[in-house]
Amino acid sequence: MFLNFLDELRAAGIPASLKEHLVLLEALDAQVIDSTPEAFYYLARATYVKDEGLLDRFDQVFAKVFRGIATTYGTQAEDIPADWLQAVAEKFLTPEEMERIKSLGSWDEIMETLKQRLADQEGRHQGGNKWIGTGGTSPFGNGGYNPEGVRIGGESRHGRALKVWDQREFRNLDSTRELGTRNIKVALRRLRRFAREGAADELDIDGTIDGTARQGWLDVRMRPERRNAVKLLLFLDVGGSMDPWVKLCEELFSAATAEFKNLEFFYFHNCPYEGVWKDNTRRFAERTPLWDVLHKFGHDYKLVFVGDASMSPYEITHAGGSVEHHNEEAGAVWMQRLTNTYPAAVWLNPVPDAQWGYSQSIRILRELMTDRMYPLTLAGLDDAMRELTRKR
């Protein structure tokens, strides 16, 4: 029983043993918890997870194995959860059919049309090409296809939404990951610049020998510890289209935290706006104004963006273009402020560089970065570190 769950935990790097699995089964047999998915989740987590750094990975495995149970248990009359079934009105269109579907036009036209549809529509709608609903080719809703529109709930399928109306959960990157980070650390070491600063708490052996020889008595000399003097600002794109690149970004994040003592990191989604955050679970409650970042950290900091730069172009070029909130100033304005404040700046993109030419948003951000966008590969990292160390 639950052997698939055990296999998935091990595949995710959680050291779950057969003994722990038997303990879980014994606890269930003894009925130590209520018969609810939530109680089972906490029992399983307490049994398998011994390191709080693995909690996020456990949550993802639990959601994968038992998807749909927690949200439908005891609330619907159907024997099979609704989200296990294919949407009734979902349409799979051929490339030719997709090309024939035209967008509504500009950003303002799309938002004005949505406002009117919200006022006119009175009930649920499935299929079709006009009303807000599921499936079909309407630009409003989810589960269908349209070149440009507003996704309301559901999951992303084609990555074409201009705005997303849904409460989404992003997760923090795991800075403790070491597997696969060795080569990244080697590439980042090009950016190191050592200096001795702070309190003199390290024995200077050469100075002690020299002083003793010159003075004729023991002359103990101390010096500050040798540290990497480079100051680094790391801006990490999370959520949405960045989900497939989480593992790679975790490896980069782990390597950076190990190599740089003067490291500050912030999260953003798609494009930096007026606020960034440190904790994805509280990204709406505890945001740091970007103006505070610009004023607090000096021009000597080196700035590194990490993101796929894949989004609606309106998110960069228009006020109100953000998929999660109404930004009063366009993302391009904030990008310009950041690159002006920190002349040593690069953008690391996990998307293969051969595909950059097919994305309008990547082309725009690459232009804003004055072509300082590099692929998130070892070769790209090496080139990016050379750019950051270039004299200006």
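Asn 4, Phe 5, Glu 8 and Leu 9 in helix H1 meet Phe 58, Val 61, Phe 62, Lys 64 and Val 65 in helix H4, where contact means heavy atoms within 4.5 Å. The model is predicted: local features need pLDDT of at least 70, side-chain atom pairs count only at pLDDT 80 or more, and totals for chains, interfaces and linings use all residues. Residues are numbered from 1 along each chain as its sequence is written, and side-chain values use heavy atoms, with hydrogens and water left out.

**Helix pair H1 and H4**

- The axes of H1 (residues 3-11) and H4 (residues 55-65) come within 10 Å and cross at roughly 145°; axes are lines fitted to C-alpha atoms, for helices over the stretch in contact, with angles from 0 to 180 degrees between N-to-C directions.
- The crossing of H1 and H4 is right-handed, meaning that the near helix is turned clockwise from the far one by less than a right angle.

**Whole protein**

- The protein has 15 helices and 15 strands, taken as DSSP runs (helices H or I, at least four residues; strands E, at least two) and numbered from the N terminus.
- Of the 392 residues, 43% are buried, that is, under 20% relative accessible area with a 1.4 Å probe, protein chains only.
- Among contacts between residues at least 6 apart in sequence, 64% join residues at least 24 apart.

**Nonpolar cores**

- The largest nonpolar core has 31 residues, and those with the most contacts inside it include Leu 233, Phe 235, Trp 347 and Leu 365; such a core is a set of buried Ala, Val, Leu, Ile, Met, Phe, Trp, Tyr and Cys residues joined through side-chain atoms within 4.5 Å.
- Elements giving two or more residues to this core include strand E9 (231-237), strand E10 (262-268), helix H13 (331-341) and helix H14 (360-368).
- H14 supplies the largest share of this core, 4 residues.
- Apart from this core lies another, of 27 residues, among them Val 230, Ala 255, Ala 256 and Val 304.

**Leu 365 and Ile 316**

- Not counting residues up to four places away in sequence, Leu 365 touches Ala 309, Met 311, Ile 316, Met 335, Trp 347 and Met 373.
- Ile 316 is found in helix H12 (residues 314-317) and counts as buried because its relative accessibility is 0%.
- The C-alpha atoms of Ile 316 and Tyr 273, 43 residues apart along the chain, are separated by 9.3 Å.

Key
Buried means under 20% relative accessible area, exposed over 50%, partly exposed in between (1.4 Å probe, protein chains only).
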